[in-house]
Amino acid sequence: MAFPEAIRSIYKSELAGIRDAGIFKEERIICAPQNSEIEVEFPIGAAKQKVINMCANNYLGLSSHPDVVEAARKGLDHRGYGMSSVRFICGTQDIHKELEQKLTTFLGTEDTILFPSCMDANAGVFEAVLTDQDVMIADRLVHASIVDGMRLCKAMTDTFKHSDMAHLEEKLQLHEKARVKLIITDGSFSMDGDLAKLDKIVELAEKYGALVFVDDSHASGFIGKTGRGTHEQCGVMGKIDIITTTLGKALGGASGGCVSGRRELVEMCRQKARPYLFSNTIPPVVVSGAIRVLEIISKTTERRDKLEKNTIFWRKGLTEAGLIIKEGETPIVPVMLFNAKLSQDFARDLYAEGIYAVGFFFPVVPKGQARIRTQLSAAHEMHHLEKALAAFTKVGGKYDILHKTKQEIIDKYGM
Amino acid sequence: MSDLKNIVLNYVKNEYLEEGDDREVDFNTPLISGGIVDSFSMVSLKRFLENKYNIQIPDAKATPDAFDTVNNIAELLKEFNIQ
(Lines give C-alpha, C1' and ligand atoms only; values in the text may rest on other atoms or scores of the structure.)
Protein backbone atom coordinates (compact mmCIF):
# COMPACT_ATOMS: atom_id res chain seq x y z
CA MET A 1 0.00 0.00 0.00
CA ALA A 2 1.35 3.34 -0.97
CA PHE A 3 1.53 6.25 1.40
CA PRO A 4 -0.34 8.83 -0.71
CA GLU A 5 0.94 12.40 -0.73
CA ALA A 6 -2.45 13.61 0.49
CA ILE A 7 -2.04 11.56 3.66
CA ARG A 8 1.69 12.35 4.01
CA SER A 9 0.82 16.04 3.91
CA ILE A 10 -1.54 15.66 6.89
CA TYR A 11 1.38 14.54 9.03
CA LYS A 12 3.87 16.98 7.52
CA SER A 13 1.57 19.83 8.40
CA GLU A 14 0.99 18.51 11.92
CA LEU A 15 4.75 18.19 12.47
CA ALA A 16 5.28 21.70 11.11
CA GLY A 17 2.73 22.90 13.66
CA ILE A 18 4.69 21.25 16.47
CA ARG A 19 7.90 22.93 15.23
CA ASP A 20 6.17 26.32 14.94
CA ALA A 21 4.88 25.98 18.50
CA GLY A 22 8.51 25.53 19.62
CA ILE A 23 7.80 22.17 21.24
CA PHE A 24 9.49 19.86 18.73
CA LYS A 25 11.55 17.34 20.66
CA GLU A 26 15.00 16.35 19.41
CA GLU A 27 17.18 13.56 20.70
CA ARG A 28 20.72 14.20 21.81
CA ILE A 29 23.03 11.34 20.95
CA ILE A 30 25.06 9.99 23.87
CA CYS A 31 28.19 8.20 22.68
CA ALA A 32 29.20 6.63 25.99
CA PRO A 33 27.70 4.57 28.83
CA GLN A 34 25.30 6.52 31.04
CA ASN A 35 27.27 8.33 33.74
CA SER A 36 28.00 11.65 35.40
CA GLU A 37 30.35 12.50 32.53
CA ILE A 38 29.20 11.63 29.03
CA GLU A 39 30.12 12.34 25.45
CA VAL A 40 27.29 13.94 23.52
CA GLU A 41 26.67 14.64 19.85
CA PHE A 42 24.23 17.53 19.58
CA PRO A 43 22.85 18.55 17.25
CA ILE A 44 23.23 15.33 15.25
CA GLY A 45 26.39 15.65 13.14
CA ALA A 46 28.07 18.17 15.48
CA ALA A 47 31.43 17.40 17.07
CA LYS A 48 31.16 15.20 20.16
CA GLN A 49 31.48 17.10 23.40
CA LYS A 50 32.33 15.88 26.89
CA VAL A 51 29.78 17.21 29.34
CA ILE A 52 28.72 16.75 32.95
CA ASN A 53 25.31 15.13 32.99
CA MET A 54 22.86 16.98 35.24
CA CYS A 55 19.64 15.56 33.82
CA ALA A 56 19.72 11.76 34.17
CA ASN A 57 17.48 9.74 36.48
CA ASN A 58 20.66 7.85 37.42
CA TYR A 59 20.17 8.88 41.05
CA LEU A 60 22.31 6.14 42.59
CA GLY A 61 24.91 6.06 39.83
CA LEU A 62 24.22 2.38 39.19
CA SER A 63 23.40 2.55 35.47
CA SER A 64 26.93 1.61 34.47
CA HIS A 65 28.22 0.24 37.77
CA PRO A 66 30.72 -2.57 37.05
CA ASP A 67 29.03 -5.03 39.46
CA VAL A 68 25.67 -4.45 37.79
CA VAL A 69 27.14 -4.81 34.29
CA GLU A 70 28.89 -8.01 35.37
CA ALA A 71 25.68 -9.45 36.88
CA ALA A 72 23.79 -8.60 33.69
CA ARG A 73 26.49 -10.31 31.62
CA LYS A 74 26.23 -13.45 33.77
CA GLY A 75 22.45 -13.34 33.42
CA LEU A 76 22.85 -13.27 29.67
CA ASP A 77 25.18 -16.30 29.83
CA HIS A 78 23.00 -18.33 32.21
CA ARG A 79 19.43 -17.39 31.24
CA GLY A 80 19.78 -16.23 27.66
CA TYR A 81 18.66 -13.17 25.76
CA GLY A 82 14.89 -13.35 25.33
CA MET A 83 11.87 -15.29 26.51
CA SER A 84 9.75 -15.34 23.33
CA SER A 85 6.69 -15.64 25.54
CA VAL A 86 4.48 -13.75 27.93
CA ARG A 87 4.81 -14.62 31.62
CA PHE A 88 1.91 -17.06 32.00
CA ILE A 89 2.74 -19.23 28.99
CA CYS A 90 6.48 -19.93 29.21
CA GLY A 91 7.98 -16.53 30.00
CA THR A 92 8.67 -16.84 33.74
CA GLN A 93 12.14 -17.83 34.90
CA ASP A 94 13.41 -18.44 38.43
CA ILE A 95 15.14 -15.06 38.30
CA HIS A 96 11.85 -13.24 37.60
CA LYS A 97 10.40 -14.74 40.80
CA GLU A 98 13.63 -13.91 42.66
CA LEU A 99 13.47 -10.26 41.56
CA GLU A 100 9.80 -10.02 42.55
CA GLN A 101 10.63 -11.44 45.98
CA LYS A 102 13.55 -9.03 46.42
CA LEU A 103 11.37 -6.05 45.46
CA THR A 104 8.69 -7.17 47.94
CA THR A 105 11.27 -7.31 50.71
CA PHE A 106 12.88 -4.02 49.72
CA LEU A 107 9.61 -2.10 49.47
CA GLY A 108 8.15 -3.75 52.60
CA THR A 109 5.00 -5.00 50.86
CA GLU A 110 3.12 -8.33 50.58
CA ASP A 111 3.78 -9.23 46.94
CA THR A 112 5.12 -7.86 43.65
CA ILE A 113 4.48 -8.36 39.95
CA LEU A 114 6.92 -7.21 37.26
CA PHE A 115 5.82 -5.22 34.21
CA PRO A 116 7.79 -4.32 31.07
CA SER A 117 7.91 -0.74 32.39
CA CYS A 118 6.31 1.39 35.10
CA MET A 119 4.34 3.05 32.31
CA ASP A 120 2.87 -0.42 31.67
CA ALA A 121 2.32 -1.02 35.38
CA ASN A 122 0.34 2.23 35.59
CA ALA A 123 -1.50 1.40 32.38
CA GLY A 124 -2.62 -1.97 33.72
CA VAL A 125 -3.16 -1.70 37.43
CA PHE A 126 -6.30 0.46 37.71
CA GLU A 127 -8.31 -1.52 35.21
CA ALA A 128 -7.24 -4.75 36.92
CA VAL A 129 -8.33 -3.81 40.44
CA LEU A 130 -11.25 -1.37 39.99
CA THR A 131 -14.72 -1.47 38.43
CA ASP A 132 -17.43 1.05 37.63
CA GLN A 133 -18.58 0.87 41.25
CA ASP A 134 -15.31 2.43 42.41
CA VAL A 135 -13.68 5.86 42.34
CA MET A 136 -10.12 7.04 41.68
CA ILE A 137 -9.18 10.33 43.36
CA ALA A 138 -5.88 11.59 41.96
CA ASP A 139 -3.54 14.44 42.80
CA ARG A 140 -3.74 16.91 39.91
CA LEU A 141 0.00 16.66 39.20
CA VAL A 142 0.35 12.88 38.86
CA HIS A 143 2.53 11.49 36.09
CA ALA A 144 1.16 11.16 32.55
CA SER A 145 1.31 7.35 32.70
CA ILE A 146 -1.12 7.38 35.63
CA VAL A 147 -3.48 9.63 33.69
CA ASP A 148 -3.37 7.15 30.80
CA GLY A 149 -3.99 4.20 33.13
CA MET A 150 -6.96 5.96 34.70
CA ARG A 151 -8.41 6.57 31.24
CA LEU A 152 -8.36 2.81 30.60
CA CYS A 153 -10.31 2.07 33.77
CA LYS A 154 -14.10 2.18 34.12
CA ALA A 155 -14.08 3.54 37.67
CA MET A 156 -15.25 7.11 38.24
CA THR A 157 -12.46 9.71 38.25
CA ASP A 158 -11.94 12.76 40.39
CA THR A 159 -8.97 14.89 41.36
CA PHE A 160 -7.69 16.96 44.26
CA LYS A 161 -5.52 20.06 44.17
CA HIS A 162 -1.83 19.25 44.38
CA SER A 163 -0.99 18.03 47.91
CA ASP A 164 -4.08 19.80 49.28
CA MET A 165 -5.25 17.54 52.09
CA ALA A 166 -8.40 19.55 52.88
CA HIS A 167 -9.46 19.23 49.25
CA LEU A 168 -8.70 15.50 49.27
CA GLU A 169 -10.86 15.09 52.37
CA GLU A 170 -13.75 16.90 50.64
CA LYS A 171 -13.45 14.45 47.76
CA LEU A 172 -13.39 11.45 50.07
CA GLN A 173 -16.59 12.73 51.64
CA LEU A 174 -18.14 13.40 48.22
CA HIS A 175 -17.48 9.82 47.12
CA GLU A 176 -18.14 8.18 50.46
CA LYS A 177 -20.58 5.66 48.98
CA ALA A 178 -18.23 4.21 46.33
CA ARG A 179 -17.33 0.52 46.81
CA VAL A 180 -13.58 1.17 46.65
CA LYS A 181 -12.06 4.65 46.93
CA LEU A 182 -8.47 4.77 45.65
CA ILE A 183 -6.32 7.81 46.44
CA ILE A 184 -3.69 8.19 43.73
CA THR A 185 -0.46 10.17 44.00
CA ASP A 186 3.16 10.27 42.95
CA GLY A 187 5.57 9.75 45.86
CA SER A 188 8.09 12.27 44.56
CA PHE A 189 6.75 14.64 41.90
CA SER A 190 9.12 14.58 38.97
CA MET A 191 8.83 18.17 37.79
CA ASP A 192 8.92 20.01 41.13
CA GLY A 193 10.86 17.51 43.23
CA ASP A 194 8.43 17.73 46.16
CA LEU A 195 7.18 14.74 48.15
CA ALA A 196 3.58 13.66 48.67
CA LYS A 197 2.29 14.05 52.23
CA LEU A 198 1.89 10.30 52.54
CA ASP A 199 1.50 10.33 56.32
CA LYS A 200 -1.51 12.66 56.00
CA ILE A 201 -2.86 10.75 53.00
CA VAL A 202 -2.71 7.46 54.91
CA GLU A 203 -4.45 9.11 57.87
CA LEU A 204 -7.30 10.27 55.61
CA ALA A 205 -7.44 6.89 53.87
CA GLU A 206 -7.87 5.18 57.24
CA LYS A 207 -10.53 7.68 58.30
CA TYR A 208 -12.61 7.18 55.15
CA GLY A 209 -11.82 3.54 54.39
CA ALA A 210 -9.92 4.34 51.20
CA LEU A 211 -6.94 2.63 49.59
CA VAL A 212 -3.69 4.41 48.71
CA PHE A 213 -1.75 4.17 45.45
CA VAL A 214 1.74 5.68 45.13
CA ASP A 215 3.96 5.85 42.05
CA ASP A 216 7.41 5.98 43.63
CA SER A 217 9.48 5.97 40.46
CA HIS A 218 11.41 9.10 41.45
CA ALA A 219 11.99 7.85 45.02
CA SER A 220 12.62 4.09 45.10
CA GLY A 221 16.23 3.43 46.08
CA PHE A 222 17.07 6.77 47.67
CA ILE A 223 14.22 8.55 49.49
CA GLY A 224 13.92 7.52 53.15
CA LYS A 225 16.65 6.61 55.61
CA THR A 226 17.41 3.33 53.87
CA GLY A 227 16.14 4.32 50.43
CA ARG A 228 12.90 2.35 50.47
CA GLY A 229 10.96 5.29 49.15
CA THR A 230 8.50 8.01 50.08
CA HIS A 231 6.58 5.65 52.38
CA GLU A 232 9.72 5.15 54.46
CA GLN A 233 10.42 8.89 54.55
CA CYS A 234 6.84 9.57 55.75
CA GLY A 235 6.79 6.73 58.28
CA VAL A 236 4.04 4.71 56.59
CA MET A 237 5.88 1.56 55.47
CA GLY A 238 3.38 -1.30 55.14
CA LYS A 239 0.43 1.08 54.89
CA ILE A 240 0.48 1.76 51.14
CA ASP A 241 -1.87 -0.60 49.32
CA ILE A 242 -0.32 -0.24 45.86
CA ILE A 243 3.17 1.00 45.00
CA THR A 244 4.25 1.19 41.40
CA THR A 245 7.86 1.89 40.62
CA THR A 246 10.48 1.63 37.90
CA LEU A 247 13.77 -0.13 37.41
CA GLY A 248 14.51 2.51 34.77
CA LYS A 249 15.76 5.24 37.09
CA ALA A 250 17.71 4.74 40.34
CA LEU A 251 17.42 0.94 40.34
CA GLY A 252 19.92 0.34 37.54
CA GLY A 253 18.20 2.53 34.97
CA ALA A 254 17.67 -0.11 32.27
CA SER A 255 13.94 -0.75 32.01
CA GLY A 256 11.08 -2.51 33.73
CA GLY A 257 8.63 -1.69 36.45
CA CYS A 258 6.36 -3.31 38.96
CA VAL A 259 3.19 -3.22 41.00
CA SER A 260 3.93 -4.04 44.64
CA GLY A 261 1.43 -4.12 47.46
CA ARG A 262 -1.46 -6.07 48.93
CA ARG A 263 -1.35 -9.74 47.92
CA GLU A 264 -4.85 -9.86 46.45
CA LEU A 265 -4.35 -6.69 44.42
CA VAL A 266 -1.10 -8.01 42.95
CA GLU A 267 -2.85 -11.29 42.17
CA MET A 268 -5.62 -9.35 40.37
CA CYS A 269 -2.90 -7.82 38.19
CA ARG A 270 -1.59 -11.32 37.38
CA GLN A 271 -5.09 -12.30 36.31
CA LYS A 272 -6.23 -9.16 34.54
CA ALA A 273 -3.56 -6.52 33.81
CA ARG A 274 -3.28 -6.33 30.05
CA PRO A 275 0.36 -5.16 29.70
CA TYR A 276 1.31 -8.19 31.85
CA LEU A 277 -0.92 -10.61 29.96
CA PHE A 278 -0.15 -9.45 26.43
CA SER A 279 3.50 -8.42 26.49
CA ASN A 280 6.81 -10.09 27.29
CA THR A 281 8.18 -9.18 30.69
CA ILE A 282 11.65 -7.83 31.47
CA PRO A 283 14.42 -9.79 29.69
CA PRO A 284 16.76 -12.02 31.76
CA VAL A 285 19.77 -9.75 31.30
CA VAL A 286 17.93 -6.79 32.87
CA VAL A 287 16.41 -8.93 35.61
CA SER A 288 19.90 -10.15 36.57
CA GLY A 289 21.24 -6.59 36.71
CA ALA A 290 18.28 -5.44 38.81
CA ILE A 291 18.75 -8.28 41.32
CA ARG A 292 22.34 -7.13 41.78
CA VAL A 293 21.19 -3.52 42.22
CA LEU A 294 18.85 -4.54 45.04
CA GLU A 295 21.62 -6.55 46.69
CA ILE A 296 23.96 -3.55 46.55
CA ILE A 297 21.48 -1.06 48.01
CA SER A 298 20.11 -3.47 50.61
CA LYS A 299 23.62 -4.05 51.99
CA THR A 300 24.69 -0.43 52.38
CA THR A 301 23.13 3.03 52.23
CA GLU A 302 26.44 4.49 51.08
CA ARG A 303 25.14 5.53 47.66
CA ARG A 304 21.90 7.17 48.84
CA ASP A 305 23.89 8.90 51.59
CA LYS A 306 26.30 10.31 49.01
CA LEU A 307 23.35 11.40 46.88
CA GLU A 308 21.89 13.17 49.90
CA LYS A 309 25.18 15.01 50.53
CA ASN A 310 25.40 15.99 46.85
CA THR A 311 21.81 17.24 46.96
CA ILE A 312 22.44 19.40 50.04
CA PHE A 313 25.59 20.87 48.45
CA TRP A 314 23.82 21.57 45.16
CA ARG A 315 20.69 23.15 46.65
CA LYS A 316 22.79 25.34 48.98
CA GLY A 317 25.22 26.29 46.19
CA LEU A 318 22.52 27.37 43.74
CA THR A 319 20.68 29.33 46.42
CA GLU A 320 23.84 31.13 47.56
CA ALA A 321 24.69 31.89 43.93
CA GLY A 322 21.39 33.78 43.76
CA LEU A 323 19.34 31.45 41.61
CA ILE A 324 15.73 30.61 42.46
CA ILE A 325 15.12 26.90 43.06
CA LYS A 326 12.03 24.96 44.06
CA GLU A 327 12.43 24.26 47.77
CA GLY A 328 12.55 20.65 48.82
CA GLU A 329 14.81 17.83 49.84
CA THR A 330 14.92 15.55 46.81
CA PRO A 331 17.70 15.31 44.21
CA ILE A 332 15.31 16.82 41.66
CA VAL A 333 16.23 20.49 41.79
CA PRO A 334 14.40 22.81 39.38
CA VAL A 335 16.14 26.12 38.68
CA MET A 336 13.29 28.53 37.99
CA LEU A 337 13.58 30.84 34.98
CA PHE A 338 9.81 31.37 34.36
CA ASN A 339 10.25 32.34 30.68
CA ALA A 340 10.29 29.53 28.08
CA LYS A 341 12.85 31.13 25.76
CA LEU A 342 15.14 32.00 28.65
CA SER A 343 15.07 28.35 29.76
CA GLN A 344 16.14 27.27 26.26
CA ASP A 345 18.87 29.92 25.97
CA PHE A 346 20.13 29.13 29.45
CA ALA A 347 20.37 25.39 28.67
CA ARG A 348 22.21 26.11 25.41
CA ASP A 349 24.76 28.31 27.19
CA LEU A 350 25.24 25.69 29.92
CA TYR A 351 25.95 23.14 27.22
CA ALA A 352 28.64 25.43 25.78
CA GLU A 353 30.14 25.44 29.30
CA GLY A 354 30.17 21.64 29.36
CA ILE A 355 27.03 21.16 31.45
CA TYR A 356 24.16 19.09 30.13
CA ALA A 357 20.76 20.09 31.52
CA VAL A 358 17.44 20.57 29.82
CA GLY A 359 14.95 23.44 29.89
CA PHE A 360 11.30 22.53 30.50
CA PHE A 361 8.41 24.79 29.57
CA PHE A 362 4.69 24.66 28.74
CA PRO A 363 3.03 22.19 28.19
CA VAL A 364 5.39 20.00 30.26
CA VAL A 365 5.12 22.49 33.14
CA PRO A 366 2.47 25.21 33.62
CA LYS A 367 2.79 28.46 31.65
CA GLY A 368 5.12 30.95 33.33
CA GLN A 369 6.96 28.22 35.23
CA ALA A 370 9.72 27.42 32.74
CA ARG A 371 12.78 25.97 34.38
CA ILE A 372 15.92 23.93 34.05
CA ARG A 373 15.45 20.69 35.93
CA THR A 374 18.69 19.46 37.46
CA GLN A 375 19.03 15.99 38.92
CA LEU A 376 21.77 14.84 41.23
CA SER A 377 23.47 11.47 41.20
CA ALA A 378 25.67 9.49 43.56
CA ALA A 379 27.98 9.27 40.54
CA HIS A 380 28.64 13.03 40.78
CA GLU A 381 31.91 13.86 42.50
CA MET A 382 32.43 17.20 44.18
CA HIS A 383 34.52 18.50 41.26
CA HIS A 384 31.59 17.83 38.89
CA LEU A 385 29.22 19.81 41.06
CA GLU A 386 31.69 22.66 41.58
CA LYS A 387 32.17 22.97 37.82
CA ALA A 388 28.40 22.82 37.22
CA LEU A 389 27.79 25.44 39.89
CA ALA A 390 30.40 27.76 38.34
CA ALA A 391 28.66 27.35 34.96
CA PHE A 392 25.18 28.07 36.38
CA THR A 393 26.60 31.15 38.12
CA LYS A 394 28.35 32.37 34.96
CA VAL A 395 25.28 31.90 32.75
CA GLY A 396 23.00 33.36 35.44
CA GLY A 397 25.29 36.42 35.52
CA LYS A 398 25.15 36.74 31.73
CA TYR A 399 21.34 36.95 31.86
CA ASP A 400 21.45 39.16 34.96
CA ILE A 401 19.09 36.99 37.00
CA LEU A 402 21.29 36.34 40.05
CA HIS A 403 19.84 37.57 43.36
CA LYS A 404 16.74 38.75 41.53
CA THR A 405 13.18 38.06 42.63
CA LYS A 406 10.73 36.07 40.56
CA GLN A 407 8.94 39.30 39.66
CA GLU A 408 12.17 40.99 38.59
CA ILE A 409 12.99 38.06 36.27
CA ILE A 410 9.45 38.10 34.85
CA ASP A 411 9.60 41.88 34.37
CA LYS A 412 12.84 41.47 32.41
CA TYR A 413 11.97 38.41 30.28
CA GLY A 414 8.21 38.01 30.47
CA MET A 415 6.27 34.93 31.53
CA MET B 1 -30.67 33.47 36.88
CA SER B 2 -27.50 35.50 37.39
CA ASP B 3 -27.49 34.36 41.04
CA LEU B 4 -27.39 30.77 39.86
CA LYS B 5 -24.66 31.58 37.35
CA ASN B 6 -22.61 33.34 40.00
CA ILE B 7 -22.94 30.35 42.33
CA VAL B 8 -21.66 28.03 39.60
CA LEU B 9 -18.91 30.47 38.59
CA ASN B 10 -17.69 30.77 42.18
CA TYR B 11 -17.64 27.01 42.54
CA VAL B 12 -15.61 26.65 39.33
CA LYS B 13 -13.09 29.28 40.45
CA ASN B 14 -12.62 27.73 43.89
CA GLU B 15 -12.57 24.15 42.69
CA TYR B 16 -10.50 24.34 39.54
CA LEU B 17 -8.19 27.36 39.67
CA GLU B 18 -4.97 26.91 41.59
CA GLU B 19 -3.72 29.58 43.94
CA GLY B 20 -2.03 32.29 41.88
CA ASP B 21 -3.92 31.32 38.73
CA ASP B 22 -5.28 34.68 37.66
CA ARG B 23 -7.09 33.58 34.50
CA GLU B 24 -10.28 35.50 33.92
CA VAL B 25 -13.28 33.20 34.06
CA ASP B 26 -16.75 34.47 33.16
CA PHE B 27 -20.10 32.99 32.15
CA ASN B 28 -18.85 32.38 28.61
CA THR B 29 -15.35 31.05 29.32
CA PRO B 30 -14.88 27.57 27.83
CA LEU B 31 -14.24 25.42 30.89
CA ILE B 32 -13.62 21.99 29.41
CA SER B 33 -12.43 22.83 25.90
CA GLY B 34 -10.41 25.68 27.49
CA GLY B 35 -8.55 23.31 29.79
CA ILE B 36 -9.84 24.73 33.09
CA VAL B 37 -11.89 21.64 33.96
CA ASP B 38 -10.37 18.37 32.77
CA SER B 39 -12.49 15.35 32.03
CA PHE B 40 -11.24 13.62 35.20
CA SER B 41 -12.49 16.43 37.39
CA MET B 42 -15.89 17.08 35.78
CA VAL B 43 -17.59 14.71 38.19
CA SER B 44 -17.12 17.20 41.04
CA LEU B 45 -19.01 19.87 39.13
CA LYS B 46 -21.82 17.43 38.35
CA ARG B 47 -22.01 16.30 41.97
CA PHE B 48 -21.96 19.89 43.17
CA LEU B 49 -24.96 20.78 40.99
CA GLU B 50 -26.83 17.61 42.00
CA ASN B 51 -26.28 18.21 45.71
CA LYS B 52 -26.92 21.95 45.57
CA TYR B 53 -30.19 21.68 43.61
CA ASN B 54 -31.27 18.24 44.75
CA ILE B 55 -31.45 16.80 41.22
CA GLN B 56 -30.00 13.81 39.36
CA ILE B 57 -28.31 14.69 36.06
CA PRO B 58 -28.29 11.58 33.86
CA ASP B 59 -24.83 10.75 32.43
CA ALA B 60 -26.23 11.17 28.92
CA LYS B 61 -26.97 14.82 29.68
CA ALA B 62 -23.68 15.48 31.52
CA THR B 63 -21.72 15.93 28.31
CA PRO B 64 -18.53 18.00 27.96
CA ASP B 65 -20.53 20.37 25.77
CA ALA B 66 -23.33 20.82 28.31
CA PHE B 67 -20.72 21.64 30.97
CA ASP B 68 -18.43 23.74 28.81
CA THR B 69 -19.52 27.19 30.00
CA VAL B 70 -21.45 28.55 32.95
CA ASN B 71 -24.09 29.69 30.44
CA ASN B 72 -24.40 26.13 29.06
CA ILE B 73 -24.74 24.78 32.60
CA ALA B 74 -27.49 27.30 33.30
CA GLU B 75 -29.30 26.14 30.16
CA LEU B 76 -28.98 22.53 31.29
CA LEU B 77 -30.38 23.38 34.71
CA LYS B 78 -33.43 24.97 33.06
CA GLU B 79 -34.41 21.46 32.00
CA PHE B 80 -34.70 20.66 35.69
CA ASN B 81 -36.79 23.83 36.28
CA ILE B 82 -33.93 25.50 38.06
CA GLN B 83 -33.34 29.11 37.10
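Reader: Which residues of β11(A) are buried on one side and which on the other?

Author: This is a predicted model, in which local features need pLDDT of at least 70, side-chain atom pairs count only at pLDDT 80 or more, and totals for chains, interfaces and linings use all residues. Residues are numbered from 1 along each chain as its sequence is written, chains are lettered from A and ligands numbered from 1 in the order in which they are written, and side-chain values use heavy atoms, with hydrogens and water left out. Strand β11 of chain A spans residues 332-338, and seven of its seven residues are buried (under 20% relative accessible area with a 1.4 Å probe, protein chains only; exposed is over 50% and partly exposed lies in between; strands are DSSP runs of E of at least two residues and helices runs of H or I of at least four, numbered from the N terminus). Both faces are covered, with A:Ile332, A:Pro334, A:Met336 and A:Phe338 on one side, and A:Val333, A:Val335 and A:Leu337 on the other.

Reader: In what sense does β9(A) pair with β8(A), and in what sense with β10(A)?

Author: β9(A) covers residues 242-246, and five of its five residues are buried. A:Thr244 in this strand stands opposite A:Asp215, while A:Thr245 has A:Cys258 of β10(A) as its bridge partner. With β8(A), residues 211-215, the pairing runs over three bridges and is parallel. With β10(A), residues 257-261, it runs over five bridges and is antiparallel.

Reader: Is A:Arg87 buried or exposed, and which side chains make polar contacts with its side chain?

Author: A:Arg87 belongs to helix α3 of chain A, residues 87-90, and counts as buried because its relative accessibility is 4%. Not counting residues up to four places away in sequence, A:Arg87 touches A:His96, A:Leu114 and A:Tyr276, among others (contact means heavy atoms within 4.5 Å). A polar contact is a pair of N or O atoms within 3.5 Å; within protein, one must be able to donate a hydrogen and the other to accept it, and residues adjacent in sequence count only if both atoms are side-chain atoms. The side-chain partners are A:Thr92, at 2.8 Å, and A:Glu100, at 3.0 Å.

Reader: How much area do chain B and chain A bury between them, and which three residues supply 54% of the area that chain B buries?

Author: The contact takes 14 residues from chain A and 12 residues from chain B. About 1,100 Å² is buried between the chains, 47% of it on carbon and sulfur atoms (accessible area, 1.4 Å probe, that two parts lose on being put together, summed over both). The three residues supplying 54% of what chain B buries, more than any other three, are B:Glu15, B:Phe40 and B:Arg47.

Reader: Which residue forms a salt bridge with B:Glu15, and which helix gives the most to the side of chain B that touches chain A?

Author: The count between the chains is three salt bridges (a side-chain nitrogen of Lys or Arg within 4 Å of a carboxyl oxygen of Asp or Glu). In one of them, with the closest N and O atoms 2.7 Å apart, the partner of B:Glu15 is A:Lys171. On the chain B side, α1 (2-16) and α2 (42-53) each supply at least two residues. With four residues, the helix that gives the most is α2(B).

Note on methods:
Two strands pair if DSSP finds at least two bridges between them.
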